[in-house]
Amino acid sequence: MKETFYERIGESALREVLPNGLMVCVVPKPDFANKYAFFATRYGGMDVRFQKDGAWLNTPAGIAHYLEHKMFDTKEGNALQELAKNGAEPNAFTSNAMTGYYFDSTDHFEENLKILLSFVSIPYFTDESVAKEQGIIGQEIRMIEDNPDWQIYNRMMHAMYQNNAGRISVAGSIESIKEITAQTLYDCHKAFYTPSNMILTVVGDVDPVHIVDLARSVLPREGGAVIPRDYGEEPAAVGEKETTTKMEVSCPQFLVGYKCTPAQDGEDFLRRQLLGDFACDLLLGESSPLYLRLYEQGLINGTFGSSFEMLPGMAYLYAGGDSKDAKTVVAEIQKEVDRVIREGLDEAYYQQVRRASFGSMLRDLNSFENIAVSLTEGYFHGYDTLRFPQVFDTIEKEDVTAFLKENLTEEHTVLSQILPRA
Amino acid sequence: MEETRTKLAPGVYLTCLPARKFKTSLLSAQFVTPLTEENAAVNALLPAVLRRGTMQYPDMTSLNAQLDNLYGAQVDYTVRKKAESHCVGFVASFIDDAFVPGKETLLEKVASLLGQLICEPVTRNGRFLPEYVESERANLVDTIRGILNDKRDYAELRLLQEMCCGEPYGVSRFGSEQRAEKISAQKLYATYTDLISSTRLELFYCGSAAPERVQDALLNALSTLPRENVRPLTLTEVHTPRGEIKTTTEAMDVTQGKLGMGFSCGSDDFPALLMGNTLFGGSSNSKLFLNVREKLSLCYYASSIYHRQKGLITVSSGIEFENYQRAYDEILTQLKAVQEGKMDDWELEGARSTLLNAYASIGDSQVKLENFYLGQAATGQEETPEELAEQIRRMDDKRIFEAMQSVKLDTVYFLKGKEAAE
C-alpha cells in the first residue's frame with residue numbers, strides 16, 4: 001500500500017487500488033478503541049438516467065435509496081442480525097451522488113467488515129420483500145414531508161434547478177417508489193455496485209494489510225465498465241425566483257439560495273469547495289458584520305446558518321433560518337455582497353476568519369465519519385481531501401470577491417419560505 | 001492516564017479526562033441546579049445572555065473576533081436536562097496546542113474567556129444590558145415555540161409532559177413559553193447571582209494538558225467567583241405509577257401520526273432494565289425494530305429509551321393514522337415477549353455487545369465524555385464507563401426478564417392528522 005503522511009494535520013493514509021478497481025483507503029488511528037468502516041458507491045438519488053448495454057435507461061425517482069434499504073436482506077435473512085451478534089449496528093445513507101454503508105465497532109472488527117462487504121456486494125431480493133419495503137419507505141417519506149427543514153430545502157432546489165437530476169428528492173415519492181421492482185433493483189445493483197465504482201475507507205487502529213486482503217477475498221474479482229450518466233442540461237438561469245408554502249410551524253422560516261457555476265473534477269473541485277465555504281464564513285459567519293447586524297436587529301437568530309454545496313454539474317450557496325422578514329434579510333445580504341465587491345474585505349477581519357476556518361476544518365477531523373465521507377467524496381471527484389491545508393493556502397482575498405461577484409447576484413437568487421398556518 | 005476529580009472551591013469540581021489523541025481540547029463549565037417549572041426558562045435564558053458579552057469583549061463582534069483569533073475556538077452555551085437536574089453553562093472547544101502554528105498555547109486564553117463569561121458579564125447600573133435580555137428572551141420564546149417544528153421531538157416532549165405532569169421531569173429544558181415571556185431583567189440578574197454563588201459548578205477538561213496546568217488555568221480564570229452557602233444537589237424522584245392508563249390525543253395538519261407510549265418501571269435494577277430496554281427497542285436489532293418495522297412494515301422508526309433516574313421507558317414511533325391500534329398492540333406484544341424471555345441467544349448477545357460497544361466508544365469522543373461525566377456528576381453517580389460495562393458483562397438473563405416484568409404501561413400520546421380527527 002502507498003502511505004502518505006500529512007504533516008500539517010498529523011494524519012496519514014494508506015491507499016491501494018485492487019485489480020478489480022476498488023480503492024481501499026485506511027487512516028490509522030492509534031489509541032482509539034473504535035474502528036469505523038465506510039463502503040460507498042458512486043450512485044445516489046440523482047443517478048436516475050444512465051446507459052446500460054449501450055441503451056439509455058430511465059429509472060424511478062428514489063431507486064438508489066430503495067436499493068440501499070433492500071441491500072440489508074440476505075439469503076439467510078438479514079445482515080443486521082448477523083452484525084448484531086457482535087454488537088455492531090450497521091447503517092447506511094443515500095445522498096444525491098453516493099450511497100454509503102457503515103458501522104463502527106470496538107471488537108470483532110474484521111469479522112464485521114467481512115459481513116458488510118458481502119451483504120453490500122451480493123444482492124438478494126424477491127418481489128415479496130421489495131413490496132414489503134414500500135410500507136417502511138412510505139413512512140420515511142411521510143416523515144420527511146412533515147419536516148419543514150426538508151420541505152424548505154427541497155422547494156429551494158426545485159426553484160433553483162430546472163433540469164439537473166440533483167433537484168430530485170433522494171427518497172423519491174410515494175408514487176415513484178411504486179414502480180420499483182426486484183428486477184430494476186438487480187439492474188441498478190449490477191451497474192453501480194461494481195468494485196471499480198466503489199471505495200472502502202477504514203478509520204481506526206487496524207492492520208491495513210488485513211483490510212486489503214479481506215476486500216480482495218470477499219469482493220468480485222472483476223470490476224464493471226464505466227457507466228455514462230445523464231443529469232440533464234441545466235441552464236445558468238434559475239427556474240423560479242420565489243416559492244412559498246404553509247405548514248404547522250411556529251414561526252416563518254426561509255432559505256435563500258444562489259445558483260453558482262459548477263466546477264470540474266480534480267483539485268480544482270476541492271479548491272472551489274474550500275473557497276465557497278470560506279466565502280460563507282466571511283460573508284455570513286457568526287463573526288461577520290452582516291450576521292452581527294442582522295442578529296442585533298432581530299432579523300435572524302441562532303438558527304441562521306449557511307452552506308456551500310457541490311454536486312456533479314451543480315454548485316449552490318444557501319443560507320437561512322427563522323425570520324419574520326426574510327425579504328429584508330435577502331436584500332441586506334445583497335447589499336453586503338455589493339459593498340464587499342466595491343470596498344474589498346478588511347485585512348484584519350480576513351486574517352481572523354482565515355484562522356478560524358482552518359481551526360474548524362481541523363476540528364472536523366475528530367470525527368471518523370467525517371474523515372471517511374470526505375475521503376470518499378474526494379475520491380469520486382478526483383482530489384485528496386487531506387490536502388486541504390495546502391489548497392486553502394492558495395486562496396487569496398481577491399478569489400473570494402471574484403467568487404461573490406460571479407455567483408451571488410440578484411438574478412441567481414432564489415427565495416424559499418415556509419409560513420405558519422394561521 | 002486516568003481521569004481525576006478535584007475540588008477547586010466550595011461546590012466547584014473539576015473532572016480531568018487526559019487524552020492526546022484528539023485534534024482539539026474541550027473545556028466545559030456547567031451549573032447544576034434543580035429543574036423546576038418556575039425556574040427552567042430563566043435558567044435557560046441566562047447562558048444565552050452571558051454569551052452576548054463580557055466587560056473586556058462587550059459585544060458579539062469583539063467576542064467572536066477573539067474566538068476567531070484563537071483559531072476558531074468555539075464557546076457554545078448549553079442548556080441540558082439530566083434526570084431532574086438542570087445544567088446550564090458553556091462548552092468550549094479549541095485546537096490542541098500541537099496544531100497551533102508557532103508556540104502559542106490556547107488553554108489559558110480560553111479558560112480566561114470562560115471565566116469572564118461567568119464572572120464578568122457586561123452590565124449597566126448593576127443589570128444586564130436590556131437590549132441583550134430582550135433579544136435573547138425573544139430567541140428563547142422562538143426556541144420553545146420551535147419545538148413544534150420537529151414533530152418527533154415534539155411528540156416525545158408531549159408524552160413526557162403528560163406522563164410526568166406535576167413532576168419536574170415533565171418540564172422542558174427551555175421551560176414554558178408563558179414563563180419565558182415574563183422573565184424580567186431583575187429576576188434574571190437575581191438568578192445569576194444566586195447561580196454563581198450557591199449552586200454546584202462542574203468543570204470538565206479533556207485534552208493533552210497536564211491536570212495541574214488545567215487546575216491553575218481554571219483557578220485563575222474563576223478567582224473572582226463568589227462562593228457561599230452552596231446548596232447540595234437534589235436527587236431525582238422516581239415516577240409515581242398511575243393506577244389507570246392515561247391517554248391523550250392531539251390533531252394537527254400533518255401527514256404522519258406519532259405514537260408515544262410511556263411505561264413505568266417498578267424495579268430499580270438499573271443494568272437489568274438497561275439491557276431489557278436495549279432488547280425491547282434500544283437498537284436497530286431490537287424487538288420493536290425487527291417486528292413493528294421490518295416484519296409488519298408499520299413504520300420507519302420505532303424505538304425506546306430507558307430513563308434511568310426516573311424509572312421510565314418511553315417508546316416513540318411514526319405511523320399511518322389508521323395503524324394506531326395495530327402499532328399499539330404490537331408494541332405491547334413485543335414488551336411481553338421480552339418479559340417472558342421469548343428471544344434467541346443472538347438477541348441477548350447482540351444487546352450486550354451493543355451496550356459494551358457504546359461504553360467502550362465513549363472515550364473516543366470529547367463530546368460524549370463530557371456529556372457522560374456531566375450526567376454522572378449531576379445525578380450523584382460515580383461509576384466509570386468501564387464499571388458500567390462490567391455490570392453488563394456479568395448480567396444474567398433471568399435478572400433481565402424479572403426486572404422487565406415490573407414495566408407497566410402508564411401513559412399514551414398520539415398525534416394525528418386534522419382530517420382523522422373529524
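Let's start where helix α8 (residues 267-284) of chain A meets helix α14 (residues 397-407) of chain A: their axes come within 10 Å and cross at roughly 90°. Here axes are lines fitted to C-alpha atoms, for helices over the stretch in contact, and angles run from 0 to 180 degrees between N-to-C directions. Helices (H or I, at least four residues) and strands (E, at least two) are DSSP runs, numbered from the N terminus.

This is a predicted model, in which local features need pLDDT of at least 70, side-chain atom pairs count only at pLDDT 80 or more, and totals for chains, interfaces and linings use all residues. Residues are numbered from 1 along each chain as its sequence is written, and chains are lettered from A and ligands numbered from 1 in the order in which they are written.

Back at the crossing, α8(A) brings A:L275, A:G276, A:F278, A:A279, A:L282 and A:L283 to meet A:D399, A:V400, A:F403 and A:L404 of α14(A). Residues are in contact if their C-beta atoms, placed from the backbone, lie within 7 Å. The residues of this contact divide into 8 nonpolar, 1 polar and 1 charged; Ala, Val, Leu, Ile, Met, Phe, Trp, Tyr, Cys and Pro count as nonpolar, Asp, Glu, Lys and Arg as charged, and the others, Gly among them, as polar.

From α12(B) come B:R352, B:L355, B:L356, B:Y359 and B:A360, and from α14(B) come B:P385, B:L388, B:A389, B:I392 and B:R393. That contact has 8 nonpolar, no polar and 2 charged residues.

Now zoom out to the domains, whose bounds come from an automatic or database domain assignment. Chain A has domain 1 (2-218) and domain 2 (242-420), with C-alpha centres 27 Å apart. Between them, 34 residues of domain 1 of chain A touch 30 residues of domain 2 of chain A. On the domain 1 side, α5(A) gives the largest share, 8 residues, and the classes are 21 nonpolar, 8 polar and 5 charged.

In chain B, domain 1 covers 4-221 and domain 2 covers 246-421, and their C-alpha centres lie 30 Å apart. Here 26 residues of domain 1 of chain B contact 24 residues of domain 2 of chain B. The largest share of the domain 1 side, 8 residues, comes from α5(B).

Next, the two chains together: their contact takes 50 residues from chain A and 52 residues from chain B. On the chain A side, α11(A) provides the largest share, 10 residues, and that side has 16 nonpolar, 20 polar and 14 charged residues.

Finally, the largest nonpolar core has 250 residues, and those with the most contacts inside it are A:F39, A:L116, B:L45, B:V110 and B:L114. Such a core is a set of buried Ala, Val, Leu, Ile, Met, Phe, Trp, Tyr and Cys residues joined through C-beta atoms within 7 Å; a residue is buried if 20 or more other C-beta atoms lie within 10 Å of its own, exposed if 12 or fewer, and partly exposed in between. Leaving aside neighbours within four places in sequence, B:L45 is in contact with B:E136, B:R137, B:L140, B:I183 and B:L188.
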